[in-house]
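Student: I have a new model open and would like to learn to read it. Where do we start?

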Amino acid sequence: MLGPIFSVLSPAGTRARLSILIFHRVNRSIDPLFPEDVSAHHFDKICAWVRSWFHVLPLDEAVCRLQANSLPSRAMSITFDDGYADNEEIAAPILARYGLTATFFVAVGYIGGGRMWNDTLIESIRRAPSTSIDFDNIDGLSALGRLSLVDVTERRAAAVAVIDAVKYLPSGRRDELAQQVARRSGACLPDDLMMSPAQVRSLRTFG
């Protein structure tokens, strides 16, 4: 039985520890480009396991109880970063099914049609109609040359290469390059990846 082991590792009271399970997205199905990302089926299994072995608390309550030395054993909080629409559409119903709470951290600048730089790059590569993309004459990315996009393996490799090339740049330059890649790819990009204001408001019941 795992319960006693977890209780020893995360006891109640003055020696309590708070575990935090962090997510970004929950895809409706397995993403062919990034199959290791969490799908709805996988998230359902995670939630079932968490409910069986942990005491899940809203993050603000958990922090207060940690400071007051009143956490239960096996204390855990669940959080989501960035504010993706699938948090409300897919993750929230699964959480509700298991009676679990979560805290959602939302990048407010992307609410209602915005798109984060990494998603601009990923979707540009994923949806590019051509079987290759040429980064020549894109200052800062020209070293990548022409990358083949013949199959999903090559598109994944290309997406990873471009993200690695820009992720540590200043935010303004990073966004600028992401837009240049989007134009170069010729892809039609989605504008519904992030939550709408109404979706953000609907999540207040999850604590």
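Tutor: With one term. Contact means heavy atoms within 4.5 Å. Keep in mind that this is a predicted model. Now apply the term to a helix. What covers the buried residues of α6 includes α5 (117-127), β6 (146-148) and α7 (171-185).

Student: Which residues of α6 are buried?

Tutor: Buried means under 20% relative accessible area. In α6 that picks out Arg155, Ala158, Ala159, Val162, Ile163 and Val166. Their directions cover an arc of only 130° around the axis, so they sit on the same side of α6.

Student: How do I check the length of α6?

Tutor: Compare the expected span with the model. The expected span of a helix is 1.5 Å times one less than its number of residues. Helix α6 covers residues 152-166, 15 residues, and should therefore span 21 Å. The C-alpha atoms at its ends are 21 Å apart, which agrees.

Student: What happens at the start of α6?

Tutor: Look at Asp151. One of its side-chain oxygens comes to within 3.2 Å of the backbone nitrogen of Thr153.

Student: Is α5 mostly covered or mostly open?

Tutor: Mostly covered. Eight of the 11 residues in α5 are buried. They are Trp117, Asp119, Thr120, Leu121, Ile122, Glu123, Ser124 and Ile125. The elements covering them include β5 (132-134), α6 and α7.

Student: Now the strands. How should I read β3?

Tutor: Start with burial, then pairing. Seven of the eight residues of β3 are buried, so the rest of the structure largely encloses this strand. For pairing, list the partners one by one. Strand β1 (residues 18-23) pairs with β3 in the parallel sense, over six bridges. Strand β2 (residues 55-56) and β3 also pair in the parallel sense, over two bridges. Strand β4 (residues 103-106) pairs with β3 in the parallel sense too, over four bridges.

Student: Which residue of β3 is the bridge partner of Ile20?

Tutor: Ser77. For His55, the bridge partner in β3 is Ala75. On the β4 side, Asp81 stands opposite Phe105.

Student: What should I expect of side chains along a strand?

Tutor: In a regular strand they alternate between the two faces of the sheet.

Student: Which residues touch the most other members of the largest nonpolar core?

Tutor: A core here is a set of buried nonpolar residues joined through side-chain atoms within 4.5 Å. The largest one has 25 residues, and Phe43, Ile78, Phe80 and Leu95 touch the most other members. α2 (40-53), β3 (75-82) and α4 (85-97) each supply at least two of its residues. α2 gives the most, with six residues. Apart from this core lies another, of 21 residues, including Ala158, Val162, Ala178 and Val181.

Student: What does Phe80 touch?

Tutor: Leave out residues up to four places away in sequence. Phe80 then touches Phe23, His24, Val26, Phe43, Asn87, Ala91, Leu95, Ala102, Thr103, Phe104 and Phe105.

Student: Loops next. Is Asn27 buried or exposed?

Tutor: Locate the residue, then check its area. Asn27 lies in the loop between β1 and α2. Its relative accessible area is 13%, so Asn27 is buried. Leaving aside neighbours within four places in sequence, Asn27 is in contact with Asp37, Val38, Ser39, Ala40, Asp86 and Ile90.

Student: Which backbone angles deserve a look?

Tutor: Check for positive phi in residues other than glycine. Asn69 has phi near 60°. Its place is the loop between α3 (59-67) and β3. With a relative accessible area of 41%, Asn69 is partly exposed. Asp82 is not a glycine either, and its phi is positive, about 95°. Asp82 lies in strand β3. A relative accessible area of 19% makes Asp82 buried.

Student: How many helices and strands does the protein have?

Tutor: Eight helices and six strands. From the N terminus, the order is α-β-α-β-α-β-α-β-α-β-β-α-α-α. The C-alpha trace spans about 60 × 35 × 30 Å along its principal axes. Of the 207 residues, 44% count as buried.

Student: What share of contacts joins residues at least 24 apart?

Tutor: Take contacts between residues at least 6 apart in sequence. Of these, 70% join residues at least 24 apart.

Technical notes
Residues numbered from 1 in each chain as written. Predicted model: local features only at pLDDT ≥ 70, side-chain atom pairs only at ≥ 80, totals over all residues. Heavy atoms only, no water. Buried < 20%, exposed > 50% of the residue type's maximum accessible area, 1.4 Å probe, protein only. Arc of directions from axis to C-beta. Polar contact = N/O pair within 3.5 Å; in protein donor to acceptor, adjacent residues only side chain to side chain. Pairing = 2+ DSSP bridges.
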